[in-house]
Amino acid sequence: MNKAVFLDRDGTINEDVGDFCSIEQLVFIPGAIEALKILQETFQLFIITNQSGVGKNIFTEEELIRFNRYFDIFLKNEGITIKKIYYCPHTKEQHCLCRKPSPYFIRQAEKDYKIDLNSSYVIGDHPHDIEMAKTVGAEAIYILTGHGRKHRKELSIEPNFVCSNLYEAAIWIMESQSSNKKRGLKEGKNG
Ligand SMILES: [Mg+2]
Ligand SMILES: [Zn+2]
């Protein structure tokens, strides 16, 4: 079984500038690239993103696919592998199956990539990221970049950790990994 980190895109990895799909507007949040490098040492990386700009006719699905491809290649050039970018192109009003907080895509990754969701993490700047994590038994990290500060009061479920940005989230995850390991060793010795 594989462990994974499921990341939101806008406001988590790159600045959230509203519904956008042009590479000229793509700005990575400071420390985000470094964080992905740290996380991929231990985890498979996935992006799950709501892109209702398609449903609202702000950009087309083809433009979104092109943008995501650029995003993926940019990260590849940094040595980072994103296993898959899942996107929901629908608006809330379309009542689709895949829009976060729906666990549709995270369940699909679980199946397609044999992911153990109980030892996986979700990181995002919106309460729906936390809700999705809790639905499937993954750990949830809420970050205060993007819309994080604005939506913090709307959290109906307590995240496992709240921090300033993706870099801090990565450090916290790696530290909890090593303390889990230490605990495991100790228990092994005593038992
Ligand atoms: Mg976001
Ligand atoms: Zn959808």
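This is a predicted model: local features need pLDDT of at least 70, side-chain atom pairs count only at pLDDT 80 or more; totals for chains, interfaces and linings use all residues.
View 1. D8 sits in the loop between β1 and α1, and D125 in the loop between β4 and α4 (127-136), so the pair ties together parts of the chain that are 117 residues apart in sequence.

View 2. Three residues coordinate the ion: D8 and D125 through OD atoms, and D10 through O. The distances run from 2.1 to 2.2 Å. Is D8 buried or exposed? With a relative accessible area of 6%, D8 is buried. D125 is also buried, at 3% relative accessibility.

**View 3. The largest nonpolar core.** This core has 35 residues. Those with the most contacts inside it are V5, I13, L45, F71 and I123. At least two core residues come from each of the strands β1 (4-7), β2 (44-50), β3 (82-88), β4 (121-124) and β5 (139-143), and likewise from each of the helices α1 (32-39), α2 (61-77) and α6 (166-190). Which element gives the most to this core? It is α1, with five residues. In soluble globular proteins, nonpolar side chains tend to be buried together.

**View 4. Surroundings of F71.** Leaving aside residues up to four places away in sequence, F71 touches R9, I13, N14, L26, F28, I47 and I85.

Technical notes
Residues are numbered from 1 along each chain as its sequence is written. Chains are lettered from A and ligands numbered from 1 in the order in which they are written. Side-chain values use heavy atoms; hydrogens and water are left out. A nonpolar core is a set of buried Ala, Val, Leu, Ile, Met, Phe, Trp, Tyr and Cys residues joined through side-chain atoms within 4.5 Å. Buried means under 20% relative accessible area, exposed over 50%, partly exposed in between (1.4 Å probe, protein chains only). Helices (H or I, at least four residues) and strands (E, at least two) are DSSP runs, numbered from the N terminus. Contact means heavy atoms within 4.5 Å. Donors are N, O and S atoms within 2.8 Å of the metal (3.2 Å for Na, K and Ca); water is not among the atoms, so sites may look incomplete.
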